[in-house]
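Good morning, and thank you for making the time. Please look at the display first.

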Amino acid sequence: MTSGNGEVHLVHPILAAYVADYPEQCLVTCSKYGTCPKCKCGADNLHDHTTKYPPRTQTDTAQTMEDVKSKTTSASAYFEMCMENDVNGNVTTPFWTDLPYTDIHLAQTPDVLHQLYQGVILHLIKWCQTLGTEKELDRRIRRLPPALGLRHFKNGIGALSQVSGTERKNIGKILLGCIIDLLPIAAVTACRAILDFVYLAQYTTHDDATLGYMDDALNLWDKHKDVFLHTDVREDFDIPKFHALRHYVSSIRLFGATNNFNTEMFERLHIEFAKKGWRASNKRDEFPQMTQWVTRQENITSFARYLAWTRRETGAYALNYD
Ligand SMILES: [Zn+2]
């Protein structure tokens with residue numbers, strides 16, 4: 001790689017973090033779908049917040065696969081036996097086996113968009129709708145006065161199809177105010193705990209105190225979540241994305257605040273690089289048109305930067321045109 005001063009360096013990247021949604025996490029870590037990709041908590045124990053399960057390690061997973069390989073002769077037997085050990089039986093040679101300094105399980109990071117908003121908050125809203133009835137919740141949401149920084153859902157949220165991350169965030173902001181006096185007090189407390197956790201998890205800096213608040217919020221949720229079982233809204237809490245919250249604090253300690261791993265930026269780039277290009281095409285044989293569109297956008301941007309730089313260098317304009 002060429003560095004800023006023109007020197008060419010030989011670079012050995014280390015795979016340290018892997019940002020993915022749950023199905024991809026299971027695939028790359030070779031964990032059985034439904035189990036935790038980071039620790040040895042099985043699919044039926046995900047609700048269990050009292051036991052601390054040992055972490056999965058890359059060596060263990062690779063060893064399990066090797067053992068199963070030596071014991072079985074057919075692909076179906078390999079699959080079966082792997083799955084019994086909570087390992088994904090569809091993979092035989094994972095890409096990470098020869099990567100030094102990598103632990104693929106440890107490398108799985110928190111993901112605010114998919115885990116918190118499109119996972120945890122999504123479930124929470126559904127449960128509130130079931131418990132307080134969708135109609136009454138919508139009625140309350142419609143009645144809210146318009147306020148700065150809050151989206152007003154004039155038709156409620158029940159009729160929304162394909163809810164985006166931004167919409168879910170806006171619902172999260174008004175949810176608590178709308179369920180007070182509607183749901184049992186334990187359910188309100190449980191919701192507040194989850195919302196607290198979601199907002200704390202998005203702090204851009206942390207210390208022992210703020211990480212402690214995250215633990216407190218999660219403990220408060222665990223204390224009150226059973227209300228959703230008692231009211232028949234849920235039969236269990238074996239939900240991988242809820243269990244994933246248990247790994248947030250340690251991941252933040254290891255890799256830093258969650259804004260380093262948020263997939264929102266890439267979702268945003270999907271708009272810039274794919275959706276806008278698609279709109280600019282004539283929708284026939286679109287791929288070359290889209291790539292040309294992106295290339296032109298890049299050229300225009302870099303030329304504008306160059307012009308701004310020359311102006312600054314020559315002092316021709318005092319204004320900054322960036
Ligand atoms: Zn786990």
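What percentage of the 322 residues in the protein chain do buried residues make up? Buried residues make up 38% of them, where buried means under 20% relative accessible area, exposed means over 50%, and partly exposed lies in between, with a 1.4 Å probe and protein chains only.

Two remarks on the source are in order. This is a predicted model, in which local features need pLDDT of at least 70 and side-chain atom pairs count only at pLDDT 80 or more, while totals for chains, interfaces and linings use all residues. Residues are numbered from 1 along each chain as its sequence is written, and side-chain values use heavy atoms, with hydrogens and water left out.

Let me begin with the overall architecture. The protein chain has 13 helices and zero strands; these are DSSP runs numbered from the N terminus, with H or I and at least four residues for helices, and E and at least two for strands. Along the principal axes, the C-alpha atoms fill a box of roughly 70 × 65 × 50 Å. Of the contacts between residues at least 6 apart in sequence, 64% join residues at least 24 apart, a contact being heavy atoms within 4.5 Å.

The protein chain is divided into domain 1 (15–108), domain 2 (112–260) and domain 3 (273–314), with bounds from an automatic or database domain assignment. Between the C-alpha centres of domain 2 and domain 3 there is a distance of 39 Å.

I turn now to helix 1, residues 22–29, whose buried residues are Y22, Q25, C26, V28 and T29. Their cover includes helix 2 (58–71), helix 4 (112–132) and helix 10 (240–244). Q25 counts as buried because its relative accessibility is 4%. Beyond its neighbours within four places in sequence, Q25 is in contact with A20, P37, Q108, T109 and Q115. After helix 1 comes C30, which has a positive phi, near 60°.

Next, two further buried positions. F237 lies in the loop between helix 9 (227–230) and helix 10, and it counts as buried at 5% relative accessibility. Setting aside neighbours within four places in sequence, its contacts are L46, H47, W127, W221, K225, D226, F228 and L229.

T210 belongs to helix 8, residues 208–224, and is buried with a relative accessible area of 11%. The side chains of T210 and H206 are joined by a polar contact of 2.9 Å. A polar contact is a pair of N or O atoms within 3.5 Å; within protein, one must be able to donate a hydrogen and the other to accept it, and residues adjacent in sequence count only if both atoms are side-chain atoms. Not counting residues up to four places away in sequence, T210 touches Y203 and T205.

Finally, how do helix 12 and helix 13 cross, and at what angle? The axes of helix 12 (residues 264–280) and helix 13 (residues 286–314) come within 9 Å and cross at roughly 115°. Such axes are lines fitted to C-alpha atoms, for helices over the stretch in contact, with angles from 0 to 180 degrees between N-to-C directions. On the helix 12 side, E272, F273, A274, K276, G277, W278 and A280 meet E286, M290, W293 and V294 of helix 13.

Thank you; I welcome your questions.
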